[in-house]
Amino acid sequence: MTARIRVCVVGAGVTGLVAIRELVDAGCEVQAYERTDDVIGVWADVYDSVQLLTPREATSFRGYPMPESYPQFPTGEQYRQYIRWFADAAGLRQYISFNTEVVATTPINGGTDGWSVELADGTVEHFDVLVAAHGHLRAARIPEYPGTFTGKQLHTSQYRNQDDFEGERVLVVGSGNSACDMVTDAIASGRSAMMSLRSGTWFVPQSFFGTPRGNLDFLKHVPFGTLDDFNRFLVKATVGVPSSYGFPEPANDDWASTPPTFSTLIPYWAQRGRVRAVPEIARFAGDLVHFTDGSVEKVDTIIWATGYRAPVPFAPEGVVSEIGGFPARIVGGLISADADNFYYSGMCSPRGGAPHNYGLGAQTIAKLVLARAALGERLSETVFAGETPSGRMDWLLPVWIKELEAAEARLDAALADAAQQDAEQELLSA
């Protein structure tokens with residue numbers, strides 16, 4: 001039965017590649033469509049200075065480790081080469097139609113009878129299952145403030161290198177990892193930098209004791225409930241609290257609700273007077289930026305490090321609902337809350353190495369697809385009935401993994417119940 005499940009995967013970047021592999025291994029007939037001619041997805045459009053935040057071991061695809069010649073935290077170009085190598089080594093290109101854009105995906109009977117997939121050339125194909133793997137880092141989210149800013153402004157997705165800065169005074173809005181890279185580039189080019197923050201954040205080292213955090217074996221044996229406390233102790237003992245270098249204190253120590261930022265360069269440069277924190281923007285007046293505390297700064301370039309929305313551009317109006325700018329989903333962000341036989345690969349950000357983590361999600365998706373076909377009923381109305389849809393993107397990795405494990409356990413129980421009912425029915429019919 002599994003060989004007859006036709007699955008359409010939209011997108012063949014990292015999240016698409018892991019979905020293709022797991023679905024093929026599960027026995028599905030997979031066809032992926034990629035609108036570009038490459039398998040590197042969003043990594044085709046990143047800034048020049050980008051490097052991985054997670055070590056090569058945690059960022060590798062399962063069974064395909066990065067070369068040991070790579071540094072612990074590879075460059076963007078090294079990562080692009082690695083993704084291409086994986087696609088070839090795992091034999092995944094044969095399932096991908098490149099330079100092929102999906103323009104519409106229409107559910108048939110709400111998706112229960114499959115999906116009609118229309119391509120840009122007018123071709124229409126029918127599939128049993130739809131997997132959206134187009135990524136969530138494509139539609140820039142830029143907040144609006146009163147007034148007009150007359151200097152240069154661009155989102156991090158548009159930034160490429162130091163040549164994109166104009167003037168001497170750079171304001172970076174946001175405190176995430178890309179914001180820190182923007183500040184670092186501005187300082188490296190000899191400019192002064194400010195970071196506009198709505199709230200405080202913890203700046204966390206990528207390594208402790210000279211070893212990437214994810215590679216510290218002893219941390220793997222620290223109980224999960226104690227691990228956060230221990231991590232916070234290490235951060236406070238090595239980097240210090242944000243107020244010690246002039247940045248606002250986070251509202252709490254709960255890293256589950258307030259994700260930390262993996263950079264120690266901001267504290268380093270802040271203590272040397274090269275970057276300083278400023279409050280949220282209140283309004284613009286030409287090249288003057290007014291902040292909520294009443295202060296005013298003259299600014300030449302604004303870099304918006306303010307994240308993304310995650311639309312599903314190939315879904316017709318009314319098919320996908322959004323919560324907070326993200327598609328409504330259940331079960332760890334994997335199952336669409338809107339339609340049957342519709343899954344998302346990579347529509348979440350469990351903290352850690354993307355290929356590894358998204359690979360775990362893809363393994364669960366493959367199990368969901370097979371279980372849905374075997375049970376013959378909507379999973380959202382049976383196995384996972386009662387789950388509240390969410391637009392959640394950020395997950396602590398251990399919490400996310402526990403959710404996936406719980407979902408798979410529920411699937412196993414449902415399949416066992418169905419098998420028992422079939423056996424009992426056969427006995428009655430005998």
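This is a predicted model: local features need pLDDT of at least 70, side-chain atom pairs count only at pLDDT 80 or more; totals for chains, interfaces and linings use all residues.
## A helix, a sheet and a pocket

H7 itself covers residues 397-429, which makes 33 residues. From first C-alpha to last it reaches 48 Å, close to the 48 Å expected at 1.5 Å a residue.

Now for some strands. Three of them form an open sheet in the order S4-S5-S6, and the pairing is antiparallel. Strands S4 and S6 sit at the edges, so to speak: each pairs on one side only. If you ignore direction, neighbouring strands here are turned by 20 degrees against each other on average.

| Strand | Residues |
|---|---|
| S4 | residues 102-107 |
| S5 | residues 115-119 |
| S6 | residues 124-127 |

How many bridges link S5 and S6? The two pair in the antiparallel sense over four bridges. Across from valine 124 in S6 stands glutamate 118.

Last stop: the second largest pocket, with about 320 Å³ of space. It is lined by 17 residues, and the closest to its centre are Leu53, Asp181, Gln206, Phe262 and Leu265. Which helix gives the largest share of that lining? Helix H3 (residues 177-188) does, with five residues. What kinds of residues make up the lining? Eight are nonpolar, seven are polar and two are charged.

Notes: Residues are numbered from 1 along each chain as its sequence is written. Side-chain values use heavy atoms; hydrogens and water are left out. The expected span of a helix is 1.5 Å times one less than its number of residues. Two strands pair if DSSP finds at least two bridges between them. Axes are lines fitted to C-alpha atoms, for helices over the stretch in contact, and angles run from 0 to 180 degrees between N-to-C directions. On a 1 Å grid over the protein atoms alone, a cavity is a set of points where a 1.4 Å probe fits but cannot get out, and a pocket is an open set with protein on both sides within 12 Å along at least five of seven lines; lining residues have an atom within 4 Å of a point. Grid points are joined across faces, edges and corners, and a volume is the space filled by probe spheres set on the points. Ala, Val, Leu, Ile, Met, Phe, Trp, Tyr, Cys and Pro count as nonpolar, Asp, Glu, Lys and Arg as charged, and the others, Gly among them, as polar.
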